[in-house]
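Subject: Structure handover

Hello,

Here is the structure I promised to pass on. Please open it next to this email; my notes follow below.

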Amino acid sequence: MIEDGRVFRDDHLPRELQHREGAVRELSGALEPAIRERPADDVLVSGPSGVGKTVLARHTLQRLQQHVGVPHAHIRCLGETRGSIFREALRQHPQGRDLPRTTPVDDVLAELRSVLDRPFVVILDEADDLPRSKVLEDACRVFGLSMIAISHDQEQWLAPISDRVRRSIATKIQLDRFGVDELADILERRADIGLRSGVVSREQLQRIADEVAGVARAGIQSLRAAAELAREREHGEIRDVDVDDSFERARRRIREANLRSLPWHHQVLYALVHEAGTIGAGELHDRYDQVSEQLYEDSPKTPIGKRSRRNKLSKLRDYGLVLDEGKRQNRKYRVVDEAVKPAIEMPRRTPY
Ligand SMILES: Nc1ncnc2c1ncn2[C@@H]1O[C@H](COP(=O)(O)OP(=O)(O)OP(=O)(O)O)[C@@H](O)[C@H]1O
Ligand SMILES: [Mg+2]
């Protein structure tokens, strides 16, 4: 049934980005000066989860790379600090190196400046939190460094940034969900490479594209799940009932992958909510304070304050892992799917 499972991986780079011709053109246009060794525009790419922001940036840079070597870096910024982001940029630069974690940020920036003898494009992926840090200001001050920042909500992202950063972002690209036919085309291409020929019909692909409301990641994972179910059930080809049952498996898998991709503090908070089932904000903070010393013992991170915890909890909500209801002190949290197990083990509750 499945002939090449690699095409269902999230980091698979398709040869062609279907139905994103306009966005590829716009991004290539913004980066074009870099080919002529001139600093390129800064770009903001926004849109909901799973519609192809990361793949747009990677695909476009790879295409540019075919003409002329434009050095670039891809950095996932969620949970990272100013220092770790610029250290990673330096590490990925062809003339760069690994600096110790204790290196002051100004020294990292100075070294980055000293190696940039030509344009360097940095994808700041999962950059939703960057407008609240100094990273964007710093990046604007490194001559030759151009950024492609990736965020979920364009307006929210732009609201707090300084005029200087705003001016430097000359190109803003908004990606939206695909239409049903468009996503069915994308799925058809994956099926052509990944599945045995003729095991899925166009109607079934349309059905998947419709059910996932045009979100490419969900569509691709559902197609994969449908093929797995068909194989497990010893169906010679994908049946409608396999498609029906594929969505739940795909959703769970995406949630598990989302959880795994999150940094340590988010993992701690997810484990706390998971342990409780449903938990009020006050109780959650108490429990955090109670267990944090033990949980952070083996981690280079240190426990965080209440505001930062709220911030991480909203991220868990945006990633479809936790639900919150009510306002402020009355807010209650619960996990969306109990079967998505936390990655870290909670210390046992001490009896009162
Ligand atoms: N135009 C396209 N053609 C082919 N495949 C696509 C296209 N757009 C997205 N995909 C595929 O959809 C999946 C999700 O895309 P991607 O990881 O880029 O989403 P994202 O917008 O970055 O999501 P998130 O905000 O969660 O990081 C990937 O497997 C990607 O290859
Ligand atoms: Mg992404």
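Let me start with V200. At 17% relative accessibility, V200 counts as buried, where buried means under 20% relative accessible area, exposed over 50% and partly exposed in between, with a 1.4 Å probe and protein chains only. V200 sits in the loop between α8 and α9. Helices here are DSSP runs of H or I with at least four residues, strands are runs of E with at least two, and both are numbered from the N terminus. V200 touches A191, L195, L205, L223 and I238, leaving out residues up to four places away in sequence. Contact means heavy atoms within 4.5 Å. R287 is 87 residues from V200 in sequence, and their C-alpha atoms are 49 Å apart.

Some ground rules. This is a predicted model, in which local features need pLDDT of at least 70 and side-chain atom pairs count only at pLDDT 80 or more, while totals for chains, interfaces and linings use all residues. Residues are numbered from 1 along each chain as its sequence is written, chains are lettered from A and ligands numbered from 1 in the order in which they are written, and side-chain values use heavy atoms, with hydrogens and water left out.

Helix α9

Helix α9 covers residues 202-211, and its buried residues are Q204, L205, I208 and A209. These four span an arc of only 140° around the axis, so they lie on the same side of α9. The arc is taken from the directions from the helix axis to the C-beta atoms. What do the buried residues of α9 pack against? They pack against α8 (180-194), α10 (216-232) and α11 (240-261). On the other side of α9, E203 and D210 are exposed. Just after α9, A213 takes a positive phi of about 50°.

Helix α4

Helix α4 runs over residues 105-115. Its buried residues are V105, V108, L109, L112 and V115. They cover an arc of only 125° around the axis, which puts them on the same side of α4. An α-helix has 3.6 residues a turn, so residues three or four places apart point the same way. The face turned away from the buried side of α4 carries the exposed residues D106 and S114. The cover over the buried residues of α4 includes α3 (82-92), β3 (120-125), α5 (135-140) and β4 (145-151).

D138 belongs to helix α5. D138 counts as buried, at 5% relative accessibility. Setting aside residues up to four places away in sequence, D138 touches R82, F86 and L109.

Strand β2 spans residues 72-76, and its side chains alternate. A73 and I75 point to one face and are buried. How do β2 and β3 run? They run parallel, joined by five bridges. Two strands pair if DSSP finds at least two bridges between them. In β3, V122 is the bridge partner of A73.

Ligand 1

Ligand 1 is surrounded by 21 residues. A residue is near a molecule if one of its heavy atoms lies within 4 Å of it. The closest are Q18, S49, G50, K53 and H152. There are polar contacts too, meaning pairs of N or O atoms within 3.5 Å. An N or O atom in the side chain of R217 is 2.8 Å from an oxygen atom of ligand 1. A backbone N or O atom of G52 lies 3.1 Å from an oxygen atom of ligand 1. For a polar backbone atom of V51, the distance to an oxygen atom of the ligand is 3.3 Å. On its own, ligand 1 has 640 Å² of accessible area, and the protein covers 96% of that. These areas come from the Shrake-Rupley method with a 1.4 Å probe.

E37 has a positive phi of about 65° although it is not a glycine. E37 is in the loop between α1 (21-35) and β1 (42-46). At 48% relative accessibility, E37 counts as partly exposed. E126 also has a positive phi, near 50°, and is not a glycine. E126 is found in the loop between β3 and α5.

R166 lies in helix α7 (residues 163-168). R166 is partly exposed at 33% relative accessibility. Apart from neighbours within four places in sequence, R166 is in contact with L158, A159 and I161.

Best wishes

Key
Polar contact = N/O pair within 3.5 Å; in protein donor to acceptor, adjacent residues only side chain to side chain.
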